[in-house]
Amino acid sequence: MRFFVFARSEYDQPVSRQGVVDAADADAATEEARERFGDRLEVRLVPEASVRWIVGPLPAEKLPEGEVPA
């Protein structure tokens, strides 16, 4: 399963997309996100299957700096 990771480091910052996690299930995704993004104040996982794309996702070469494609 693929999950989008949204997070912020301070309350006055907006929650923004930080990356993606590919894992066997939600529990495994939670653990991986905790390892990769656990230094943030707030982290949210959104299953890709629950997202309704209006405009498709960016290709790997256009991802924001620091975001690693799965």
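E32 touches V21 and D22, leaving aside residues up to four places away in sequence; a contact here means heavy atoms within 4.5 Å. The C-alpha atoms of E32 and V21 are separated by 7.2 Å, although the two residues lie 11 residues apart along the chain. E32 is found in helix α1. It is partly exposed, with a relative accessible area of 26%. Residues count as buried under 20% relative accessible area, as exposed over 50%, and as partly exposed in between, with a 1.4 Å probe and protein chains only.

The model is predicted: local features need pLDDT of at least 70, side-chain atom pairs count only at pLDDT 80 or more, and totals for chains, interfaces and linings use all residues. Residues are numbered from 1 along each chain as its sequence is written, and side-chain values use heavy atoms, with hydrogens and water left out.

The chain has one helix and three strands. Along the sequence they follow the pattern β-β-α-β. Helices (H or I, at least four residues) and strands (E, at least two) are DSSP runs, numbered from the N terminus. Of the 70 residues of the chain, 21% count as buried. The accessible surface of the chain comes to about 5,100 Å². Carbon and sulfur atoms account for 52% of this surface. Areas come from the Shrake-Rupley method with a 1.4 Å probe; for residues, only the protein chains shown count as cover. Among contacts between residues at least 6 apart in sequence, 49% join residues at least 24 apart.

The three strands form an open sheet in the order β2-β1-β3, with antiparallel pairing. Two strands pair if DSSP finds at least two bridges between them. Strands β2 (16-22) and β3 (42-47) stand at the edges, each with a single partner strand, so one side of each is left without a neighbour in the sheet. Neighbouring strands are turned by 30 degrees against each other on average, direction ignored. Axes are lines fitted to C-alpha atoms, for helices over the stretch in contact, and angles run from 0 to 180 degrees between N-to-C directions.

Strand β1 covers residues 2-8. It pairs with β2 in the antiparallel sense over six bridges. In this pairing, F3 stands opposite V21, and F6 stands opposite R17. β1 also pairs with β3 in the antiparallel sense, over six bridges. Here R8 stands opposite E42. β1 is mostly covered: five of its seven residues are buried.

Helix α1 (residues 26-37) lies across β1, β2 and β3. It runs at about 125 degrees to β2. At 1.5 Å a residue, the 12 residues of α1 should span 16 Å; its end C-alpha atoms are 15 Å apart, which agrees. The expected span is 1.5 Å times one less than the number of residues. In α1, A29, A33 and F37 are buried. These residues cover an arc of only 35 degrees around the axis, which puts them on the same side of α1. The arc is that of the directions from the helix axis to the C-beta atoms. What covers the buried residues of α1 includes β1, β2 and β3. The face turned away from the buried side carries the exposed residues D27, R34 and E35.
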